[in-house]
Amino acid sequence: MAAEKETDVPDTVLAEYQKKVKEAFEVFDHEENGTVDVREIGTIVRSLGCCPSEGELQDLLAEVEEEEPTGYIRYEKFLPVMIKVLQEKRYRPIPEDVLLQAFEVLDPEKRGYLSKDELIKYMTEEGEPFSQEEMEEMLSAAIDPVANVIYYKDYVTMMVLDES
């Protein structure tokens, strides 16, 4: 029971976290040698239901990288850090109503949609800009191919369903 006192998380939950982290890590451990490419860590973290910003992801990488970066992250270093992230419920997804409000701010006319060009402008020029790859991924999921707009209420609902 020592683990329970330290973390306030029951051993069964801790075991479940360890299993999830191991399974997610193994998907990207192509060499089956207990390492993954550093560029895969964001995908692994997000697959575990966490949504860190790019800055938060860089902080996380700094915690799990070797003293001399090799381009690979070892499972032994990743596991304890990721378990702590899950226990502390860090990087939780933003609630649906908050996401919807954010889109509504970008749509002052209350049309219920944004054009593809508007979306690209907001996502690449404001705040923490999306990379080209992130933008293409979002557009492929968000844009209605016929109208060439994003109906953001539908998109927010889809995003929140994907997280659960």
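1. In the pairing of H4 with H5, Leu 60, Glu 63 and Val 64 of H4 are in contact with Lys 77, Phe 78, Val 81 and Val 85 of H5, where contact means heavy atoms within 4.5 Å. The residues of this contact divide into 5 nonpolar, no polar and 2 charged, with Ala, Val, Leu, Ile, Met, Phe, Trp, Tyr, Cys and Pro counted as nonpolar, Asp, Glu, Lys and Arg as charged, and the others, Gly among them, as polar.

2. The model is a predicted one, in which local features need pLDDT of at least 70 and side-chain atom pairs count only at pLDDT 80 or more, while totals for chains, interfaces and linings use all residues. Residues are numbered from 1 along each chain as its sequence is written, and side-chain values use heavy atoms, with hydrogens and water left out.

3. As to geometry, H4 (residues 54–64) and H5 (residues 75–87) pack at an angle of about 135°, their axes lying 9 Å apart; helices are DSSP runs (H or I, at least four residues) and strands likewise (E, at least two), numbered from the N terminus. Axes are lines fitted to C-alpha atoms, for helices over the stretch in contact, and angles run from 0 to 180 degrees between N-to-C directions. H4 and H5 are therefore oblique to each other, since angles under 35 degrees count as roughly parallel, over 145 as roughly antiparallel, 65 to 115 as roughly perpendicular and the rest as oblique.

4. The largest nonpolar core has 28 residues, and those with the most contacts inside it are Val 21, Ile 41, Ile 44, Ile 73, Phe 78 and Met 82; such a core is a set of buried Ala, Val, Leu, Ile, Met, Phe, Trp, Tyr and Cys residues joined through side-chain atoms within 4.5 Å. At least two residues of this core come from each of H2 (11–28), H3 (41–47), H4 and H5, and H5 gives the most, with 8 residues.

5. Leaving aside residues up to four places away in sequence, Phe 78 touches Val 21, Phe 25, Ile 41, Ile 44, Val 45, Val 64 and Ile 73.

6. Two loop residues deserve a look. Glu 32, in the loop between H2 and strand E1 (35–37), has a phi near 55°, a positive value in a residue other than glycine. At 72% relative accessibility, Glu 32 counts as exposed (over 50% relative accessible area, with buried under 20% and partly exposed in between, for a 1.4 Å probe and protein chains only). Lys 110, in the loop between H6 (96–105) and strand E3 (114–115), also has a positive phi, near 55°, and counts as exposed at 58% relative accessibility.
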